[in-house]
Amino acid sequence: MTAQNPTYKTDALIAEDIDAYLELHQHKTMLRFITCGSVDDGKSTLIGRLLYDSKMIFEDQLATLEADSKRVGTQGQDIDFALLVDGLAAEREQGITIDVAYRFFSTEKRKFIVADTPGHEQYTRNMVTGASTADLAVILIDARKGVLTQTRRHSYLVHLLGIRHVVLAVNKMDLVDYDQATYDQIVEDYRTFAESIGLTDFTAIPISGYKGDNITAPSENTPWYTGAPLLPHLEAVTLENTIEQSEPFRMPVQWVNRPNLDFRGFAGLIASGQLHPGDPVRVLPSGKTSTIARIVNLGGDRDLAVAGESVTVTLADEIDCSRGQVIVAAQAPLEVADQFETTLVWMDDTELVPGRAYALKIGAQTVSATVQPPKYEVNVNTQEHIATKTLDLNAIGVANITTDREIPFAPYSENRDLGGFILIDRITNRTVAAGMINFALRRAQNIHWQATDIGRAHHASMKHQKPAVLWLTGLSGSGKSTIANIVEKKLARMNRHTFLLDGDNVRHGLNKDLGFTETDRVENIRRVGEVAKLMTDAGLIVITAFISPYRSERDMVRSMMQPGEFLEVFVDTPLEVAESRDVKGLYAKARAGELKNFTGIDAPYEAPQAAELRIDTTALSAEEAADLIIARLIPEH
């Protein structure tokens, strides 16, 4: 008989324990939450305390924390828990949070991802980033200071972004001697404000992140508080997954998976609902229908997928479906529209320019969008609607947006994934705003494109020419109008059908209501672009002579045209040469301060970076420039 090996038996038990632990950990629910509020309310300290009390700090991290606390901490010789989260050098030097810091920790009951968001007003954009994926918000208030402006701003944003669970953590109670009256007054003040913005349900907890009161266990210092401490409350919060799973099926397509000729799947995160093989579905915005053939993930085929899961599905039919489109339940399709009322949180130092084309990213789809002048801006303190023509950094406003194509959507209040978007500056590629779709404009549903029997191809064939837009751009005095006039005369002698749109002439009629502010300049070019588009539909060669100082607006007009029909001609004349001509005396007036917003003097000109043609007027005459343009337009002439 062979004796048992005790070492082998111990190893087997350890392996079983590990497997059991991993199995338990895998099926824990995950809560994403943020900490927010005003500056120095103790957000980073609170998260550090949660990590410390949940035993999520390794020994070497603890040793480093103790050393850093003595060197750069704010708690004397005691541990400064904020240093666990504030990782940037600038954050440690100033004792503030600048960027969003994400931390993971786990308890026996639940896994957590917490985002520590900055309290400074200039970093509100970072707070919005952290809140966009959160299930719960912990709004901290310094017990010594009470409800502040940034408390109201963050609370308004939390409600606006659709976070349903809110904890009001009245922090630093140790600095007010755990006074119940102080706590009660703060909660009452906050409740009054919260009700004014529609935030009717929140849980208030008196805490001390530094001392650890009411963080993981009830504090003896607050016998008058009978509610749950913070961590047990976070462990018990009911997640919204069951609500999302009961909604109709929606899945934005993030990737078309084509590893070989025999497999074509569509991968994405299920935004709502449940899905089974055989379910009828519809692809939007095309409206094509099919049924689900397979649901696939790394573990193989599945019989069920639910909201919150990332899967790959295959369809029974070969229909067009690409990244950015949305697969939905066939009997419950989403709305599709191209005009919306939206709420915008402006996050850039450069203010909103109404009429300018921005890139709008919603889900996995990116479209071109223009923002109309805001209806109003919201005062976060009083909820007053303030009249405004634009939005600047941290402003919250309501404005209509038009996209260049129809997109499937759901109101943000119904689904954050299908109703939330960002705006991106097309030149700098910076994210300038976060937005929420409120609803589609009624006129977007009532106005439909009227098909006609005689189209642009017929118009062009009658004129025996290819439609085009010759877009001459350059400084005032560069010679645009002179060159454009010669080009039109030469084309007329070639029996070409043309029309010349000149900047000054257009402002006498179509655009006589516009000034020369940045917003008016954008609208000026937008209108001219729409007219030029109609003229190309009529088969004409359109010649324009506009300063058109902004690349984004020239790109906007380009996007209106058919591929290859827009030819950007940069009439490149140095400022000193253009100013020396000064036929109209405009530069002299601008230099004297008599003419505001003059391009090249007190308003910028963004030179083309990839124009189809560059005309150097210091080396070419107007006649030579015109010949060069015509040779580019009609190579065979």
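This is a predicted model: local features need pLDDT of at least 70, side-chain atom pairs count only at pLDDT 80 or more; totals for chains, interfaces and linings use all residues.

Trainee: How do you know that the span of helix H7 agrees with its number of residues?

Mentor: H7 has 17 residues, 180-196, and at 1.5 Å a residue it should span 24 Å; the end C-alpha atoms are 25 Å apart, which agrees.

Trainee: Which residues of H7 are buried?

Mentor: They are Tyr183, Ile186, Val187, Tyr190, Phe193 and Ala194. Their arc around the axis is only 130°, so they sit on the same side of H7. An α-helix has 3.6 residues a turn, so residues three or four places apart point the same way.

Trainee: What covers those buried residues, and which residues are exposed on the other side of H7?

Mentor: The cover includes strand E4 (136-142), helix H6 (149-160), strand E5 (165-171) and strand E6 (203-206). On the other side of H7, Ala181 and Glu195 are exposed. After H7 comes Gly198, with a positive phi near 90°.

Trainee: Now the loop between strand E15 (310-315) and strand E16 (326-329), where Gln325 lies. Why is Gln325 called buried?

Mentor: Buried means under 20% relative accessible area. Gln325 has 12%, so it is called buried.

Trainee: What does Gln325 touch, leaving out residues up to four places away in sequence?

Mentor: Gln325 touches Met251, Pro252, Val253, Val283, Leu284, Pro285 and Asp320.

Key:
Residues are numbered from 1 along each chain as its sequence is written. Side-chain values use heavy atoms; hydrogens and water are left out. Helices (H or I, at least four residues) and strands (E, at least two) are DSSP runs, numbered from the N terminus. The expected span of a helix is 1.5 Å times one less than its number of residues. Buried means under 20% relative accessible area, exposed over 50%, partly exposed in between (1.4 Å probe, protein chains only). The arc is that of the directions from the helix axis to the C-beta atoms. Contact means heavy atoms within 4.5 Å.
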